[in-house]
Structure formats: C-alpha cells, structure tokens
Amino acid sequence: MSPARRLVQIGLPKLAAWLLLAFLFVPILVVIPVSLTDRDYLSLPQDGVSLAHYAALLDWRAGWLSSMATSLAIALASSVLATAVAAAYAIGAFVYVGRWPSLLRVVLLSPLIVPPIIYAVGMVKLWSRFGLLDSWIGVTIVHVMLAIPLAVLAIGASLSNLDPRMVQAARSLGARPPTIFLRVILPNLDSGIGAGAILAFITSWDEITVTLFITGRRIVTLPRRIWTSIADSVDPALAAIASALLLATLLALLIRLFVFERGGSLSRSNPKIAAKGTSS
Amino acid sequence: MAFLDIRRLRKSYGAAVALGGVDLSVEEGEFITLLGPSGSGKTTLLMSIAGFIKPDEGGIVLAGTDVTDLEPEDRNFGLVFQGYALFPHLSVRDNVAFPLKVRKWEKRAIAERVEAMLALVGLDQLAARKPRELSGGQQQRVALARALAYSPRLLLLDEPLSALDRSLRETMQRELKRLHRETGVTFIFVTHDQEEAYAMSDRIAVFQNGRIVQIGAPRDIYRNPASRFVAGFIGGNNLIRARFSPETGTLSLLGREIAAPQHFDVALHHRDGDVSAWIRSEDIAIGGAEAGFESFDVTVIDRAFIGTGERIAVRTGDDEELALVIPDGAADAVVVGAPLQCRVRPDLIGFLLPD
Ligand SMILES: Nc1ncnc2c1ncn2[C@@H]1O[C@H](COP(=O)(O)OP(=O)(O)OP(=O)(O)O)[C@@H](O)[C@H]1O
Ligand SMILES: [Mg+2]
C-alpha cells in the first residue's frame, strides 16, 4: 500500500475517531473548571480555585441534598418496580407464546414511541382527577411506566438466549411453576435483570419532561431542581453538581472495570483449568 | 392390557392433521421406535405422551391408569430432546440432582444417586463442569442421566442423536441400548433414520401422515413391508411395476414374462392386472440364468464406490431403474452405457397391497 493510500484509509478515520472522542469530552473538560470558580456566577476560575460551590451542595438549606435524596428514593423505587413488572412480563411471554404477549408488548413499549410532552399533558389531566399531582406515588408510577420499556428490552434480550425447551425439560423432570421460575429462569437472567434495573434507575434519575408537569412545590427531584436553578439564576453550584454526577459515573465505571471484569475473566479461564485435569 | 396403551389419539392444527387416530401398545421394558418422514406426527405423539400436547380425542393409559389429563410434571416420565435442554447455570452434578431435589429426596440419597447416574453414563470425572464446557456427546449423556435419575416409568427421546456426527452417533446408539438394558426402563425413541431404528429397537412403528402404517420387529418390517410407502421408506428396496395375466398365471416384470411365484396371492395383490413389487438391492446379482433364478437384461447407467462394495444403477427393458449392491471387485465387467445380464430369485420378490 502506498503511503498516501495508507494515510487516507487508516490515518483519516483514526483522526476522525479522535476528534469525535475529543468532542465528547469537551463538556467534561469545561464543566469541571467552571465548578471550581471563585465567583458566584457561571465562569472560569479567575483569582484561584474554590470549593465553595461544592460546600454549598452539601448545605441542607440550599435544597440540593434533599432533591438528591428525593430523586434517589424515586429512582430506586421505580427501578425495583419497573424491573419486577418487566421481568414478570418477559418471562410470561417466554413461557406462553401466543397473541396476548405481543399485544401487551406494544402497550408496554408505547412510552418509547409516544412523545413525552404528549404523555405529560395526559398525565396532568389524569393525576388531577385522582389527586395524585405533586405526590410521591404519582411521580413514581409515571417513572415506572417510563422505565418499563427499557427494562423489558434488556430482560427480553437475555431471555432470547435461553432455550425455551428448558421450561419443558424442567416440567418433565417434575418441577412446578414456582420452582421453574426461581431455580431455572431467574438464575439465567441475572445479567439481563441487572441491566434492566440500571437502565430503569437512570431513566427515572434524569426524567424531566413529564416530572415538570406533574410536580410542584412538594416533590422536587434533582433534574427539576437543576431546571429551576437554571431558570432563575446561573449558580455555579450547577457546575458543581454536574461534576459530582460525572465523578460518580466515572467511579461506577471504574469499579465495574476492576471488580466485575476481573471476576469475569477468572471464571472464563476456569474451563481451561478443568480441561487439563481430565480428558474423555 | 399392555403397559402403555394409546387409543385413537387425534390432534389437528386447524386443517392440518398431525395425528389421525393413533393406536399403540407398548410393553414394559420395551424399546420402541417411532420412525417416519418429516412432518408425519412423531413429535406430536411423543409430546402427547409427555403431556405437553393435549390431544383432541383419544386417551393414554399407563399401567391401568388414565393419564390423558395429567400435567407433564405429574407423569413421572423422562424426556430427552435433540437440543438436550440442560440448565446452563447448573453444573453437571446439579443438573442430574435437579429432579431429585424437586422430589425432595434426602441430601445423602441425592448424592448417592447422582454419583451412580454419572458413573452409569461415564461422566463421573466431569461432575463439576458446566454444560457449555462439554462436547455434544457429553451433554447428551448428562441429559440421559438427568432424565433417568428418578427411575421414570417411561423414557421419551425425540431425535436425541441427530445433532451428532456419524461415529459418535454409533457410539451413542450402543450407549442407549446399554442404558436400556441396565435400567430396564421402557424407551420410546423418535427418529427418521431407518438404520438407527433397525439398530436399536425391539419394535418399530412406521408413521405416515399422522398414522402408524406398520408396526413390528425390525426384521419383519424389512422383510415384509406392508405398503409401497413402507417398502420405499425403510430403504434398500427397488419398487417396480409388474402385470399379472390370469389366463396364463404369469407375471410380466423386469422386461420378462415369468411364472408367478408361490407366495404371490392372486386375491390379495392383484387389481386390474397391475401389481406393485419390490426387490432388495442385495438380492440382485450380476450374471446369467442359474437353477432357481430368473435372468433379465439391463443397461448400466451408473457405478458408485460405497466402501463395502459398489452400488450399480441399471435400467431394465421395461424402463424401470434398479439399484444393486455388489461386493467390491465383482464389478470389473460393468461398463457404464453397456448392456449387462442380472439375475434374481423370484421367491425373494415382494408383492404389495395397493396403497
Ligand atoms: N404447533 C403446531 N401448529 C401447527 N401445525 C403443527 C404444529 N406442530 C406440528 N404441526 C404439524 O403437524 C404435523 C406433524 O408434526 P410433527 O412435529 O409431529 O412431525 P415429526 O414427525 O416430528 O417431523 P420431524 O421429523 O420433522 O420432526 C406437521 O405437518 C406439522 O406441520
Ligand atoms: Mg419431530
């Protein structure tokens, strides 16, 4: 290959990839310095760095902590409920093939298709009739519904790797439905359920559109708190909270990388060890 | 009354008839094979016995008890599939222990039985492995050990060997026969491979379009196929047309006119003068007439080496194609395109009821 062609075929795509990566990193590189500013408006640090805005986050009276707690509680509850519903549906559909599961699937996945703003308007009308506006239950139900599609997709994906005959095999061996559910299907779904739970958590954690419409003074989730603080001030605490979230995500990724990947590669090398021991 | 009695079992899917009234009696400890082409209803019958398919009509009686409406988990039958359907998250040992734990056996009894089953199928060294760390043949053995661990009243096998390569299949055939002998369990085995059916079964039930068209020992079915379909399906047969002349008592076949052999039953086989007949490939030899043989002239259309000998395809004077199998070395005089003389013993020609 000539050097020129080499440059075009390998060099240019490489360059494009690096540029894209840099572009993705820009917000990160901007938001962290801004969070360390010594002024009380959004700006880059001028006469030195300050952790004042991080300190403000930890001040209960500023409202950030309580919003975080609210979001965390709603996201955890939504994640558990959405995952449970999605798992129940996916496993039911796996065991009973037929028309009902596919109809129900359209209904469960509809939040992915309906624009959130339309959904929001509808929920305001509905919740005002039931008196659920600005209530824990109202917000959690909405978040559960919004999170179900992703959980269904994640769990469905891991179920599609299962041999449907396993259920027949288990029944022929004498297992009844609870045993089949707990001992045969669930143990094979742990990764799908984990992924579904995380996706559901994230969906709820950063949901803003519908939440804006159905909450008021009582329930202030973190995205809502950020939204209002952008609307009426340009508090650098925003940058601080964004950086904090970024660091938390980074930490989670690192933990995953070092704890789970290592565990995974260990179990992957096991067969070799076992294979050496015996032959047949 | 037999151990397992299946009476007039019917099952349709819309207009498609999967089982068109099947009767079958199986003796305790028997190895019976359901043999038939694809779509002939073998799996449907097996899954009805297992309880996963509810028949539209008919009943299944096991040892005097009607089990037609029992759920699969209450039947206490073993089931082995082509895909094995092992539990991927459980080790070999735990797969085999699963049905025993479900039955709430004691820990010690479970451990003992699992050891015994793994020894029986020769997997005691691999007890700690996961199914994905095993070869196809080994997985098959786990599936067998798992389905036999609780001494089921019946073992149902749906083409369990069809995913294995030829040599492994022969090993597993022997293995299955040994397991059948040593456990004494009644085996109902599904296959569409005639040789497999011959090699393993006490009796074979031949399926065609959702019905059993013949049932009997492998030799009986091979020697006396009940219909054109069976004669064609069980392999090794040449199906030919013949014509009977009542005035002279002769048959015209293979381009010759010969005296009807003794076993030719005019009342049974004869309709409008046209007769279906079959000749096994190994019963046709090369060479001229001899005492007890009839000879006929053919043209060679193909020779093929098949290891143990040669398979030769010829065309007869009345435009029938025949295949014959001869020992290697005996075919030196055979030239493709050239004429040839063959001979056959008329008492080895079979005659069939019209379908
Ligand atoms: N769930 C079903 N819905 C509709 N038709 C079915 C269904 N199951 C089986 N059939 C039909 O019933 C007939 C018998 O099927 P079956 O699976 O019993 O055949 P088989 O003898 O096991 O064939 P193979 O050797 O290919 O496994 C076929 O014509 C098939 O198309
Ligand atoms: Mg089948």
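**Charged residues and a ligand in a predicted model**

Student: Which side chain of opposite charge is nearest to the buried D134(A), which has no salt bridge?

Tutor: This is a predicted model. D134(A) is buried and forms no salt bridge. A salt bridge needs the nitrogen and the carboxyl oxygen within 4 Å, and the nearest side chain of opposite charge is 4.8 Å away from D134(A). That side chain belongs to R218(A).

Student: Where in chain A is D134(A) found?

Tutor: Its contacts, leaving out residues up to four places away in sequence, include I214(A), R217(A) and R218(A). D134(A) itself is found in the loop between α5 (116–130) and α6 (136–159).

Student: Is E320(B) buried or exposed?

Tutor: The side chain of E320(B) meets that of R241(B) in a salt bridge, 3.1 Å from N to O. R241(B) lies in strand β11 and E320(B) in the loop between β17 and β18, so the pair ties together parts 79 residues apart in sequence. R241(B) is exposed, at 53% relative accessible area. The cut-off for buried is under 20%, and at 9% E320(B) counts as buried.

Student: In which helix of chain A does R171(A), the partner of E71(B), lie?

Tutor: E71(B) and R171(A) form a salt bridge, with their closest N and O atoms 2.8 Å apart. The pair crosses between chains, starting from a loop of chain B. On the chain A side, R171(A) lies in helix α7 (residues 165–172).

Student: How much of ligand 1 does the protein bury?

Tutor: An oxygen atom of ligand 1 is 2.5 Å from a side-chain N or O atom of S38(B), and one is 2.8 Å from such an atom of K42(B). Taken alone, ligand 1 exposes 640 Å², and the share of this that the protein buries is 59%.

Technical notes. Residues are numbered from 1 along each chain as its sequence is written. Chains are lettered from A and ligands numbered from 1 in the order in which they are written. This is a predicted model: local features need pLDDT of at least 70, side-chain atom pairs count only at pLDDT 80 or more; totals for chains, interfaces and linings use all residues. Side-chain values use heavy atoms; hydrogens and water are left out. Helices (H or I, at least four residues) and strands (E, at least two) are DSSP runs, numbered from the N terminus. Buried means under 20% relative accessible area, exposed over 50%, partly exposed in between (1.4 Å probe, protein chains only). Lys and Arg count as positive and Asp and Glu as negative; His and the chain ends are not counted. Contact means heavy atoms within 4.5 Å. A polar contact is a pair of N or O atoms within 3.5 Å; within protein, one must be able to donate a hydrogen and the other to accept it, and residues adjacent in sequence count only if both atoms are side-chain atoms. Accessible areas come from the Shrake-Rupley method with a 1.4 Å probe; for residues, only the protein chains shown count as cover.
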